[in-house]
Amino acid sequence: MLGASISKNGILLTLFALITATVLASTFLMTREQISESERRAQQRALFEIIPEQRHDNDLLEDVIPVPLDAWAQLGLRDAHHIHLARQGGEVIGAIIPSVAPDGYSGDIRMIVGVNKDLSIAGVRVLNHRETPGLGDKVDLSRSDWILDFDGTSLTEPAPSRWEVRKDGGDFDQFTGATITPRAVVRQVRRTLAFATTHQALLFPDTQISETEETEQ
Amino acid sequence: MSEAVDYQKISGNGLWTNNPALVQLLGLCPLLAVTGSVVNALGLGLATLMVLTCSNITVSLIRKTVSDAVRLPAFVMIIATLTTCIELLMRAYTFELYTILGIFIPLIVTNCAILGRADAFASKNKVFPSFVDGLMMGLGFMAVLLAIGAVRELLGSGTLFANMHLLFGDMARGWVITPFENYPGFLVAVLPPGAFIVTGFLIALKNLIDARIEKRRAILKTKPIKGSKRVRTTGAVN
């Protein structure tokens, strides 16, 4: 009696699992393309904000190089990420570097930092954060324009010692009530610029090649 | 079923008398977490409404095949499947909203309001009444989400219907209402404590209204005794 009930229920549940699995699988297959398309578009939008479409003629999403292993710590990365390269007529004019500020007020602040060929900032965007709503979340462009202050800055402009929030004697504004978040972002952008400087040959090979050609001549 | 199903009562139950959020206090976790703005509240409200309605229909359809012993695992399987489907669809078509609501979409599975309705109503009733019950409970839940979302958005950031394009596409970009220019923002309303406070006030408001209705009903009940003759002549009185 008990055995019969167990096997009956077992069969019933198996049947159920099969049906639900089928429903799930078909929904997954139906939406798979649309999902990757949406993800692609969202990613693209963020990249285009930093290096607009007019400035390059290649596919930003496809033209990538992996972040070199020795730079993971400097960029705050814990797993493999890609650097997106923007080219105009084959020449790299800018690179979009993933970077994570590990010392935000509540955890990691994931950003992408666009660096121009002349090692100035093309733009910085925060992709993901858990900072306090209303205070630290002003690093997000949808909350405030603060992040645009980085545009055009470089390691020489302002001077390296000025790459701090005002409270620490630097040139960048902090927010009322929130210093930790902007401090983390400013320092991480500076580190990213340092990475771009030391890895100039990797990011912008064309400049390097033309220089060597000149020296050979 | 011999007696006619009282749809009015089912609707009243879901929307008011037995409202999942204000009376049953179910699904409070998403309720408190995502109601920072109207668009977030609407997004999660709609997703929950869909899952709740579909799960009620499905559970009602299979109520005679599933034995008592395995009914809960079967219901959970149905709800989990539906939630995952909704999650995939949102990820495909409202990607930005999906990233904002994040973990709270998969967590719809754990919203007790859904399993509660499946077990308490859909497993004992026919398909159509179950559909109505799911719809009304879902609408009741969504209405509360929207109310809290609206209050918190207005108090917290001084806007209403901001970012509606996440849900309705580009045409909704202009829907945002900013009643006060240069509103400084009220941080507590945006943070989780604000959700608790607003929810508390809403529950109090509902109880207040209920008490008023009760009082009026009591007055109405006593009235017919006094003026019963006159009232009766004009026709039917309940």
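Modeller: The side chains of A:Asp108 and A:Arg78 are joined by a polar contact of 3.3 Å. This value, like every other one here, is computed from a predicted model. A:Asp108 itself belongs to strand 4 of chain A. If its neighbours within four places in sequence are left aside, A:Asp108 touches A:Arg78, A:Val100, A:Ala101, A:Pro102, A:Asn128, A:His129 and A:Arg130.

Strand 4 covers residues 107–116, and the loop between this strand and strand 5 of chain A holds A:Leu119. The phi angle of A:Leu119 is near 65 degrees, a positive value in a residue other than glycine. Strand 5 covers residues 121–128, and the loop between strand 5 and helix 2 (180–198) of chain A contains A:Pro158. A cis peptide bond, with omega about 0 degrees, links A:Glu157 to A:Pro158. These two details deserve a student's attention because most residues other than glycine have a negative phi, and most peptide bonds are trans.

Chain B has 11 helices and zero strands, so that the order of its elements from the N terminus is written α-α-α-α-α-α-α-α-α-α-α. The C-alpha trace of chain B spans about 65 × 55 × 30 Å along its principal axes.

We now come to the part that you asked about. At the interface, 23 residues of chain B are in contact with 21 residues of chain A. The area buried between the two chains is about 1,900 Å², and carbon and sulfur atoms give 78% of this area. On the side of chain B, B:Met77, B:Leu88 and B:Phe95 supply 25% of the area that this chain buries against chain A, more than any other three residues.

Two salt bridges cross the interface of chain B and chain A. B:Glu96 forms a salt bridge with A:Arg45, and the closest N and O atoms of this pair are 2.5 Å apart.

Which elements of chain B give two or more residues to the side that touches chain A? They are helix 4 (71–93), helix 5 (95–101) and helix 9 (187–190). Helix 4 gives the largest share, 12 residues. Sorted by class, the side of chain B that touches chain A has 17 nonpolar, four polar and two charged residues.

Finally, chain B carries a nonpolar surface patch of about 670 Å², made by B:Val151, B:Leu155, B:Phe186, B:Val188, B:Phe196, B:Ile197 and B:Phe201. Helix 7 (127–157) and helix 10 (192–226) of chain B are the elements that give two or more residues to this patch. The largest share, three residues, comes from helix 10, and B:Ile197 has its place in that helix.

Technical notes. Residues are numbered from 1 along each chain as its sequence is written. Chains are lettered from A and ligands numbered from 1 in the order in which they are written. This is a predicted model: local features need pLDDT of at least 70, side-chain atom pairs count only at pLDDT 80 or more; totals for chains, interfaces and linings use all residues. Side-chain values use heavy atoms; hydrogens and water are left out. Contact means heavy atoms within 4.5 Å. Buried area is the accessible area (1.4 Å probe) that two parts lose on being put together, summed over both. A salt bridge is a side-chain nitrogen of Lys or Arg within 4 Å of a carboxyl oxygen of Asp or Glu. Helices (H or I, at least four residues) and strands (E, at least two) are DSSP runs, numbered from the N terminus. Ala, Val, Leu, Ile, Met, Phe, Trp, Tyr, Cys and Pro count as nonpolar, Asp, Glu, Lys and Arg as charged, and the others, Gly among them, as polar. Patches are made of residues with over 30% relative accessible area and no salt bridge: like charges are joined within 9 Å, nonpolar side chains (Val, Leu, Ile, Met, Phe, Trp, Tyr) within 5 Å. Accessible areas come from the Shrake-Rupley method with a 1.4 Å probe; for residues, only the protein chains shown count as cover. A polar contact is a pair of N or O atoms within 3.5 Å; within protein, one must be able to donate a hydrogen and the other to accept it, and residues adjacent in sequence count only if both atoms are side-chain atoms.
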